[in-house]
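The sequence and coordinates come first.

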Amino acid sequence: MHDLNALHVFLALMQTHSTQRAALKLGRSQSYVSKVLAQLRQDLGDPLFVREASGLVPTDYALAIEPKLKNALDQLDLALAPEGFDPKDLDKITIHVAEPYLVKIGKPLIKAIRAQTDAVIELRQWSEHSEPLILEEQVDVGLHVLSDKPQSFYQRKIHSGAGYFEGNQSGEYVKFIISGVNEHQDHFKALEPDLEAGIIVDSVHLINQLMDDYFTLRYEPYYDEKQHCPLNLDVALICKSSLRSAAKQKWLMELIVPIVDECIVPAK
């Protein structure tokens with residue numbers, strides 16, 4: 001087990017006894033967790049888990065190595081922890097956010113950051129360049145849809161969103177393009193297979209102005225993992241995997257989550 005990401009997957013499976021619940025805990029897809037588990041079984045020469053009616057039951061070998069691996073991970077986190085972190089020492093903070101969220105959380109996020117540091121704040125709309133910039137460490141944290149990204153990305157799920165139609169449904173359907181989400185997909189067809197988009201826009205301000213005469217697809221966030229919806233998207237905070245425990249990234253994520261809760265998510 002030479003990959004730290006694999007170690008996190010193994011420990012999540014030990015805690016949840018389910019590839020689906022482990023994926024939710026890690027902010028990754030279920031297929032990713034299953035793929036890592038298959039590789040672990042091959043590398044370690046042990047099935048690690050046996051599927052039973054109650055879920056995934058760990059083997060004796062898995063039970064034996066769990067405390068050792070957990071302790072090793074805790075020691076590594078401790079060793080990597082900075083001597084001290086103060087946001088006031090930062091020079092610049094760069095965050096990329098999907099536009100529907102950017103409009104709602106942008107102002108309170110800037111105010112929350114500015115209350116703790118005088119660093120330059122670069123808050124931009126998520127684009128096709130955001131993922132490469134995260135890997136190049138030019139973007140500290142992103143807020144976007146959780147997807148099956150390479151292991152070089154860490155994704156922390158915030159909540160899920162159920163799709164629904166909003167606006168004047170006697171008018172034309174307007175497809176609102178969100179970079180990295182639906183440029184090449186028609187998610188709205190999950191709700192209405194025969195529906196066609198008569199108008200396509202990529203401005204959140206414009207789409208809001210059109211709702212008296214037209215309608216579009218919106219997402220209502222929720223926290224109940226048992227809720228089943230015809231159309232669902234998960235929203236996550238994203239950073240470079242190697243920086244997931246970095247003080248700056250952890251500080252930003254802890255700062256962003258309550259702002260999203262207050263500005264986006266309805267009462268739990």
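E166 is partly exposed, with a relative accessible area of 29%; here buried means under 20% relative accessible area, exposed over 50%, and partly exposed in between, with a 1.4 Å probe and protein chains only. The model is predicted, so local features need pLDDT of at least 70 and side-chain atom pairs count only at pLDDT 80 or more, while totals for chains, interfaces and linings use all residues. Residues are numbered from 1 along each chain as its sequence is written, and side-chain values use heavy atoms, with hydrogens and water left out.

The partner of E166 in a salt bridge is R218, and the closest N and O atoms of the two are 2.7 Å apart. A salt bridge is counted when a side-chain nitrogen of Lys or Arg lies within 4 Å of a carboxyl oxygen of Asp or Glu. This one links distant parts of the chain: R218 belongs to strand β9 (residues 215–222) and E166 to strand β6 (residues 153–167), 52 residues apart. Helices (H or I, at least four residues) and strands (E, at least two) are DSSP runs, numbered from the N terminus. R218, at a relative accessible area of 16%, is buried.

## Other salt bridges

Side chains of opposite charge can pair when their charged atoms come close. The structure holds 10 salt bridges. One of them joins E122 to K92, with 2.8 Å between the closest N and O atoms. It too connects distant parts of the chain, since E122 is in strand β4 (residues 120–125) and K92 in strand β3 (residues 92–97), 30 residues apart. Both ends are partly exposed: the relative accessible area is 22% for E122 and 40% for K92. K92, E122 and R124 are linked in a network of salt bridges.

K175 forms a salt bridge with D186, and their closest N and O atoms are 2.8 Å apart. K175 lies in strand β7 (residues 174–176) and D186 in the loop between β7 and β8 (199–201), so the pair ties together parts that are 11 residues apart in sequence. K175 is buried, with a relative accessible area of 7%, whereas D186 counts as partly exposed at 35%.

## Helix α3

Helix α3 (residues 30–44) has 15 residues, and at 1.5 Å a residue it should span 21 Å; its end C-alpha atoms are 21 Å apart, which agrees. The expected span is 1.5 Å times one less than the number of residues. After the helix comes G45, which has a positive phi, near 65 degrees.

Which residues of α3 are buried? They are Y32, V33, V36, L37 and L40.

T94 is in strand β3 and is buried, with a relative accessible area of 5%. Leaving aside neighbours within four places in sequence, T94 is in contact (heavy atoms within 4.5 Å) with E122, Q138, V139, D140 and V141. Within this group, E122 is also the salt-bridge partner of K92.

L133 is found in helix α6 (residues 130–135) and counts as partly exposed at 22% relative accessibility. With neighbours within four places in sequence left aside, the contacts of L133 are H96, Q138 and V139. L133 and C239 are 106 residues apart in sequence, and their C-alpha atoms are 10.0 Å apart in space.

## The chain as a whole

The chain contains eight helices and 10 strands. Its C-alpha trace spans about 65 × 50 × 35 Å along the principal axes. Of the 268 residues, 45% are buried. Among contacts between residues at least 6 apart in sequence, 74% join residues at least 24 apart.

The accessible surface of the chain comes to about 14500 Å², and 50% of it belongs to carbon and sulfur atoms. Accessible areas come from the Shrake-Rupley method with a 1.4 Å probe; for residues, only the protein chains shown count as cover.
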